[in-house]
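I opened my notebook to look around this chain step by step.

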Amino acid sequence: MRGPLGAVIGRYTSSDGSVPNDGIIKHNRKCRDIAFLVIFIAFWVSMIVNSSFGFNQGNPLRLTYGLDYEGNVCGSKHRHRDLTELELRYWLNPNQVYESGLKDGELKLANARTICLLDCPEPSDDTLNWVCDYPDGEIRLKMNDWIDRNYDYFEFLTPEMRNSSLQLQGPCYPVIFPSVNVYWSCQYIARASNSSLRHWQQMGGVNIQEDMIIDKSIRRAMNSRASVLKRYVADVGKSWPVLIVCGGLVPLFLSIIWLFLIRHFVAAMPWITVVLFNMLLISVTIFCYLKAGWIGNDAVTPIIGEHDPYFHVYGRELTHVRGVAILMTFISAVAILTSIAIIRRILMATSVLKVAAKVIGEVQELIIFPAIPFAMLAIFYMFWLLAALNLFSSGQVVQNNCNNTNCCAYDLVLKKVDCDHCCGHSIRYTPHITISIFFHLFGCYWATQFFIASSATVIAGSVASYYWAQGEASPEIPFLPVFASMKRLARYNLGSVALGSLIVSFVESVRFILEAIRRRTKVRGATPDHWFMRMGHYTSHGCLKSVEWTIKSVNRNAYIMIAITGKSFCKASAIATGLIISNIRRIGKVNVIGDVILFLGKLCVSLFSALFGFLMLDAHKYRSSHNKVSSPLLPVLTCWALGYIVATLFFAVVEMSIDTIILSFCQDSEENQGNAQHAPPDLLETLDSEEVEVQRLITH
């Protein structure tokens, strides 16, 4: 048996028989794991430098709107052209769109001539409508006048310009096909206007291709994985008010309410938590069915604004929502069956939670304390999200190389048809941008784990002071134990917390990368065929997940021993692991069932945040115009994740209270020949009854 820690965390004689002068928590501490604190500070400096690159090179509007043929982003102001009100991208030449859709076509859609418009033009039944290029050169029109004329100045063209326009080389182009606003791009409908086509042919215009290819070419580009990913990221930026309310304020309010309820109605809270969890899970599932169009008429649609009801345009977003709806149905069924299975264990959870409720009643500052890391995380997330949007949209706008393609167009400044500088533009992403994005994501996860770990360590230090002072009225017990614990953390243990959070972040990142590789090989059909290899393939995934869970559990107990003893992270982990292994039969089931109820409580808060996010995104503001959210999935998922993080900060009060008291109980029992002297009666009753049940099972 290792030597007692009484001189460190207890208020009784040490191994040499002397009475300690250091009080409840040892005061003569040292700074631990300083090297990792230096690494963490250096990492923050790197995050700032990395973010400044995004602010310098990025433009979040690129995620929503496309580029015109000059390389300008629609919906934004540029040095030579103000396109603030012109958010829609329109392809001028229908034959170029058709050619880009051919399998063997040399012209890519990115090189087809596009301009930015206020609305999608429609063909006329009586005459031929035109959409002309931006006014320039001899065309003395202001942009506002050009917009007021519905982009048509064909009557001002010289004979040379008119002839060029009839060859589909501009500066004016006929409106032959109807189009609809699909994610800020005018999607051609492969249904030419007979009247407009007849007028065009009477004027001697070149032959215009009519085929479904003209429809599919644009749709294929709009539904590419890169385009969908950009829209999803843009959705998060557009829905920032939803994130503030549903990812910050709502879970903050619910978490505080939950702590007050656990303080005063502890016997009912496990039952309320289980029932509420299942109700919220079913509610979120129903909302997924609504957005999938399987219930009602509120399916996700890519079309923005009013349109012909006979136009039915679907995108990947609807497929993703339907997939999530099916997944949520499966999760709901499993959750209901699991809830039924753990009913017998809920009474045990009640007795465990009573201990935490008593601690909260004695150290009432614990209810308010999580607001401090919450505020720090909220500020961090706001700057991080803004930097992430700029990083994701960073890149250099370059002109494409389109040799041997028919992209000639009339240049109003040069006063001739130009075939040398007619190619479109695209955004070039260099490899270092990808590295910067992954570095930024890792930084977010590490910072989140660091704040959560710091909060847990402070709570553990506060609860340890309470446990070891049971029955004493010592002036050495801090009047405000929470702030005393914060002071010890800031002065001695930040390096240890940085190390623990780094380990969790690293393991989670490795698991994410391996999971991505596994999914990629599965899609490519590279999954091993032999049953033995396939079993190893999936077993490795499960083992890595188990390792991650174990490390998180060990870290949590290590933070407790860091707060109590002031040891380094590795030493504290060894002490905590030894205590748990020595008492595993006595505390195993008790601790697990308490963690299950707390986990369900976190899910309740996060699911309610997700449900409220669904309701807020149903507002007209996010269903039309430039604020339209392409899919509620990512904003709602972000609300769920933020809600879970906020709940973790506040629920750590209960979680760490239980774990700290249990670890203190283990050490207390070890130092007093199996009879804990400082344990609360509720905890003794629960642990003794569980030990009796275990002995009965072993005997039989």
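Is R81 buried or exposed, going by its relative accessibility? I looked it up: R81 has 11% relative accessibility, so it counts as buried. My cut-offs are under 20% relative accessible area for buried, over 50% for exposed and partly exposed in between, with a 1.4 Å probe and protein chains only.

Some ground rules for my notes. The model is predicted, so local features need pLDDT of at least 70 and side-chain atom pairs count only at pLDDT 80 or more, while totals for chains, interfaces and linings use all residues. Residues are numbered from 1 along each chain as its sequence is written, and side-chain values use heavy atoms, with hydrogens and water left out.

**Entry: the whole chain**

I counted 21 helices and ten strands. Helices (H or I, at least four residues) and strands (E, at least two) are DSSP runs, numbered from the N terminus. Of the 700 residues, 52% count as buried. I also looked at contacts (heavy atoms within 4.5 Å). Among those between residues at least 6 apart in sequence, 76% join residues at least 24 apart.

**Entry: salt bridges**

I searched the whole structure and found 14 salt bridges. Each one is a side-chain nitrogen of Lys or Arg within 4 Å of a carboxyl oxygen of Asp or Glu.

Back to R81: its side chain meets that of D136 in a salt bridge, 3.9 Å from N to O. This pair links distant parts of the chain, 55 residues apart, with D136 in the loop between β3 (130-132) and α4 (143-148) and R81 in the loop between α2 (34-57) and β1 (88-91). D136 is partly exposed, at 32% relative accessible area.

Next I followed K291, which is buried at 8% relative accessibility. Its salt bridge with D618 is 2.5 Å from N to O. Because D618 sits in the loop between α19 (584-617) and α20 (633-671) and K291 in helix α10, the pair ties together parts that are 327 residues apart in sequence. K291 also forms a salt bridge with D298, with the closest N and O atoms 3.1 Å apart. I noted a network of salt bridges here that links K291, D298, D618 and R623.

Most residues other than glycine have a negative phi, and most peptide bonds are trans. I went looking for exceptions.

β5 and β6 pair in the antiparallel sense over four bridges; strands pair if DSSP finds at least two bridges between them. S179 has Y188 in β6 as its bridge partner. The hairpin has two residues between the strands, and Y183 takes a positive phi near 50° there. W184, in the loop between β5 and β6, has a positive phi too, near 65°. Y183 is buried at 3% relative accessible area, and W184 is buried at 3%.

I found a cis peptide bond from G170 to P171, with omega near 10°. P171 is in the loop between α5 (159-166) and β4 (172-174).

**Entry: a nonpolar patch**

Which element gives the largest share of the nonpolar patch? It is α11, with four residues. The patch lies on the surface, and its residues, including W271 and I295, have about 930 Å² of accessible area together. Patches take residues with over 30% relative accessible area and no salt bridge, joining like charges within 9 Å and nonpolar side chains (Val, Leu, Ile, Met, Phe, Trp, Tyr) within 5 Å. Accessible areas come from the Shrake-Rupley method with a 1.4 Å probe; for residues, only the protein chains shown count as cover. I295 is in the loop between α10 and α11 and is partly exposed at 39%.
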